[in-house]
Amino acid sequence: MEDYEVSEVAKILSEWNPLGDDAERVGDLDGYKTESIDILFELEMGSMSNAGVKKVLMQVLSEAFDIELIENECSDAATRIIGILSKKH
């Protein structure tokens, strides 16, 4: 996992902002950097399919923030993340 990938995934998550207004209640959010690292780590271990990336997004963000996400909410971010990661192959 490269710093560039972490930064790009964090940017995608920040633009999406799955926490919405609740992002203000998370004191150590750090622009979703920690969650980006977790997502990238999980993706290195598993599937790079769109469905696989959505599943990882749902899992990591649900565990990190105790929120419920559905696949449709993760679709755009998953597609963008796949685009970032496909550049290195």
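Cys-74 touches Trp-16, Lys-54, Leu-57, Met-58 and Leu-69, leaving aside residues up to four places away in sequence; a contact here means heavy atoms within 4.5 Å. Cys-74 sits in helix α4, where helices (H or I, at least four residues) and strands (E, at least two) are DSSP runs numbered from the N terminus. With a relative accessible area of 0%, Cys-74 is buried. The cut-offs are under 20% relative accessible area for buried and over 50% for exposed, with partly exposed in between (1.4 Å probe, protein chains only). The C-alpha atoms of Cys-74 and Pro-18 are separated by 8.7 Å, although the two residues are 56 apart along the chain.

These values come from a predicted model, in which local features need pLDDT of at least 70 and side-chain atom pairs count only at pLDDT 80 or more, while totals for chains, interfaces and linings use all residues. Residues are numbered from 1 along each chain as its sequence is written, and side-chain values use heavy atoms, with hydrogens and water left out.

Turning to the overall fold, the chain holds four helices and zero strands, and its elements run α-α-α-α from the N terminus on. The radius of gyration is 12 Å, close to the 12 Å that the globule rule gives for 89 residues, so the chain is as compact as a globular protein of that length. The radius is taken over C-alpha atoms, and the rule is 2.2 Å times the number of residues to the power 0.38. Along the principal axes, the C-alpha atoms fill a box of roughly 40 × 25 × 20 Å. Of the 89 residues in the chain, 38% are buried. Among contacts with a separation of 6 or more, 59% join residues 24 or more positions apart.

The chain carries 8 positive and 20 negative charges, whose mean positions are 7 Å apart. Lys and Arg count as positive and Asp and Glu as negative, with His and the chain ends not counted; each charge is placed at NZ of Lys, CZ of Arg, CG of Asp or CD of Glu.

Inside the chain, the largest nonpolar core has 26 residues, and Leu-57 and Ile-81 have the most contacts within it. A nonpolar core is a set of buried Ala, Val, Leu, Ile, Met, Phe, Trp, Tyr and Cys residues joined through side-chain atoms within 4.5 Å. At least two residues of this core come from each of α1 (3-16), α2 (33-45), α3 (50-65) and α4 (71-86), and α4 gives the most, with seven. Beyond residues up to four places away in sequence, Leu-57 touches Leu-13, Ile-39, Ser-62, Leu-69, Cys-74, Ala-77, Ala-78 and Ile-81.

Helix α1 includes Ala-10, which is buried at a relative accessible area of 9%. With residues up to four places away in sequence set aside, Ala-10 touches Gly-31, Tyr-32, Lys-33 and Ser-36. Phi of Tyr-32 is near 65°, a positive value in a residue other than glycine. Asp-66, in the loop between α3 and α4, also is not a glycine and has a positive phi of about 55°. Asp-66 counts as exposed, at 73% relative accessibility. As background, most residues other than glycine have a negative phi.

Two further helix positions round out the picture. Gly-52 lies in helix α3 and is buried, with a relative accessible area of 12%. Not counting residues up to four places away in sequence, Gly-52 touches Leu-43 and Ser-47. Gly-52 and Ala-78 are 26 residues apart in sequence, and their C-alpha atoms are 8.8 Å apart in space. Asp-38, for its part, is placed in helix α2 and counts as partly exposed, at 36% relative accessibility. From C-alpha to C-alpha, Asp-38 and Ala-64 are 9.7 Å apart in space.
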